[in-house]
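Thank you all for coming.

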Amino acid sequence: MDPDSNDDRQDHQDLSTISLAMPSMSPDGAALSVLSGSAKGRVVRLPGKLDAMITLGKAPGNDLVIDDPTVSRRHLSIRRTEAGLELCDLDSTNGVFIGTTRIRSALVEPGTMLRAGDVELLVGVELARRRGCRRRGGDHVAPRIAWAQGFLTPRIAAIPA
């Protein structure tokens with residue numbers, strides 16, 4: 001069969017249209033939320049400027065202090081880079097995990113669940129509620145965030161004016 005025929009092309013995927021590169025993400029509203037342990041519910045925001053960094057650990061002086069026996073004094077950092085949000089293990093004893101994989105350094109995006117020792121964390125995005133759009137009828141439309149199963153799901157909801 002002719003390699004350039006249309007019938008043959010149906011069986012092969014055109015890889016020239018598929019991007020295999022990790023998307024570049026460095027959202028302005030990036031935040032790290034604690035999902036388990038004694039600090040559950042705490043959130044630290046990553047400043048919006050390039051090279052801004054937050055640290056997590058049990059020692060005072062970290063941006064997010066977590067008093068947990070499985071968390072090191074300086075456990076991890078998240079830094080805003082041109083490529084996105086870079087997560088780094090700061091030579092912790094019990095490691096930083098994404099899923100079941102222990103990492104030293106990785107680019108993360110909103111919706112990434114990770115673990116520092118036994119403490120579960122979520123990289124997310126906070127959207128300002130007051131910055132919405134008005135639509136006909138006077139309702140104020142503002143973005144809301146729903147955290148479900150570790151994924152960031154933006155939802156648009158009408159809020160009475």
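This is a predicted model: local features need pLDDT of at least 70, side-chain atom pairs count only at pLDDT 80 or more; totals for chains, interfaces and linings use all residues.

Let me begin with the open sheet, in which five strands follow the order E4-E3-E5-E6-E9 with mixed pairing. Its edges are strand E4, residues 64-65, and strand E9, residues 105-108, each of which pairs on one side only. Within the sheet, strand E5, residues 76-80, runs antiparallel to strand E6, residues 85-89, and five bridges join the two; as an example, Ser-77 has Cys-88 in E6 as its bridge partner.

If we take Leu-32 and leave aside its neighbours within four places in sequence, its contacts include Val-44, Ile-54, Leu-56, Leu-76, Ile-78 and Leu-121.

Next comes Thr-70, which is found in the loop between E4 and E5. Is this residue buried or exposed? Thr-70 counts as buried because its relative accessibility is 16%, and the cut-off for buried is under 20%. A polar atom of the Thr-70 side chain lies 2.9 Å from the backbone nitrogen of Asp-118, and the residues that Thr-70 touches, not counting those up to four places away in sequence, also include His-75, Asn-94 and Gly-117.

That leaves the charged pairs, and the structure holds three salt bridges. In one of them, the side chains of Asp-51 and Arg-79 meet at 2.9 Å, N to O, linking the loop between strand E2 and E3 to strand E5 across 28 residues of sequence. Arg-79 also meets Glu-86 in a salt bridge, at 2.8 Å. Glu-86 is buried, at 18% relative accessible area, whereas Arg-79 is partly exposed at 28% and Asp-51 is partly exposed at 47%.

The remaining pair is Arg-104 with Asp-91, at 2.9 Å, where Arg-104 sits in the loop between strand E8 and E9 and Asp-91 in the loop between E6 and strand E7. Both count as exposed, Arg-104 at 51% and Asp-91 at 59%. Shared partners, finally, join Asp-51, Arg-79 and Glu-86 into one salt-bridge network.

Conventions
Residues are numbered from 1 along each chain as its sequence is written. Side-chain values use heavy atoms; hydrogens and water are left out. Two strands pair if DSSP finds at least two bridges between them. Helices (H or I, at least four residues) and strands (E, at least two) are DSSP runs, numbered from the N terminus. Contact means heavy atoms within 4.5 Å. Buried means under 20% relative accessible area, exposed over 50%, partly exposed in between (1.4 Å probe, protein chains only). A polar contact is a pair of N or O atoms within 3.5 Å; within protein, one must be able to donate a hydrogen and the other to accept it, and residues adjacent in sequence count only if both atoms are side-chain atoms. A salt bridge is a side-chain nitrogen of Lys or Arg within 4 Å of a carboxyl oxygen of Asp or Glu.
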